[in-house]
Amino acid sequence: MTTAAPANPLIRPLRSATMPLLALNNAHAAELSSLTLTEFSRLIQTSFAAAAIEDGAAFLLAFEQSAAYDSPNFLWFRERYDRFVYVDRVVTSPLARGKGYAKTLYADLSQRAKEAGHCRIVCEVNRVPPNPASDAFHAALGFAEVGRAAIHGGQKTVRYLLRSI
């Protein structure tokens, strides 16, 4: 995990999961996936970047291409790109939406990724079930679709997105 202090004073690096962030993650399990506190802490500790704004308002979790991570979406990118930062989850609580928190977290991640020598940030957004807010958000940040896949036995279809930095 990167250890440099975030450029934005609103952002705090995560060292382990908290109950408010776990609740935020699990409230969005359809888009993200449900975790236990232990699983969430393990992901944070192995991440390239894990950051939050206020405890329970918003967070972002990202991995480098070499991470020991077995998510089918992460592995899709690993098969196609030699170097990247993969955003595994980014979520803002309903009460904090519209404050620019997710954009702030992405800006911080972009800076960290660039400083580490990366040239792309990648992620996926659910197509089925649809996630139009995330589609619009990522499009506004300049992400473009680079692929699609059905995952979890066809229960979900995702769009794979990439933005050069």
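This is a predicted model: local features need pLDDT of at least 70, side-chain atom pairs count only at pLDDT 80 or more; totals for chains, interfaces and linings use all residues.
Residues are numbered from 1 along each chain as its sequence is written, and side-chain values use heavy atoms, with hydrogens and water left out.

Let's start with the open spaces. I'm using a 1 Å grid over the protein atoms alone: a pocket is an open set of points with protein on both sides within 12 Å along at least five of seven lines, a cavity is a set where a 1.4 Å probe fits but cannot get out, and lining residues have an atom within 4 Å of a point. Points are joined across faces, edges and corners, and a volume is the space filled by probe spheres set on them.

The largest pocket has a volume of about 620 Å³. It is lined by 27 residues, with Val 90, Val 91, Thr 92, Ala 133 and Ser 134 closest to its centre. Which element gives the most to this lining? That is β4, with 6 residues. At least two residues each come from β4 (85-92), α5 (101-115), β5 (120-128) and α6; helices (H or I, at least four residues) and strands (E, at least two) are DSSP runs, numbered from the N terminus. By type, the lining holds 12 nonpolar, 8 polar and 7 charged residues. Here Ala, Val, Leu, Ile, Met, Phe, Trp, Tyr, Cys and Pro count as nonpolar, Asp, Glu, Lys and Arg as charged, and the others, Gly among them, as polar.

Next, the second largest pocket, with about 190 Å³ of space. Of its 16 lining residues, Leu 32, Ser 33, Ser 71, Asn 73 and His 152 are the closest to the centre. β4 again supplies the largest share, 3 residues, and the lining divides into 5 nonpolar, 5 polar and 6 charged.

β2 (49-53) and α5 each give two or more residues, with α5 giving the most, 4 residues.

On to strand β7, residues 156-164. Arg 120 has Ser 164 as its bridge partner in β7, and Ala 150 has Thr 157. β6 and β7 form a hairpin with 4 residues between them, and His 152 in the turn has a positive phi of about 55°.

Last stop: His 138, in helix α6 (residues 132-140). At 3% relative accessibility, His 138 counts as buried. Beyond its neighbours within four places in sequence, His 138 is in contact (heavy atoms within 4.5 Å) with Tyr 106, Cys 123, Val 125, Phe 143 and Leu 161. The His 138 side chain also reaches the backbone oxygen of Ser 134 at 2.9 Å, and Ser 134 is one of the residues closest to the centre of the largest pocket. Thanks, everyone!

Conventions. Buried means under 20% relative accessible area, exposed over 50%, partly exposed in between (1.4 Å probe, protein chains only). A polar contact is a pair of N or O atoms within 3.5 Å; within protein, one must be able to donate a hydrogen and the other to accept it, and residues adjacent in sequence count only if both atoms are side-chain atoms. Two strands pair if DSSP finds at least two bridges between them.
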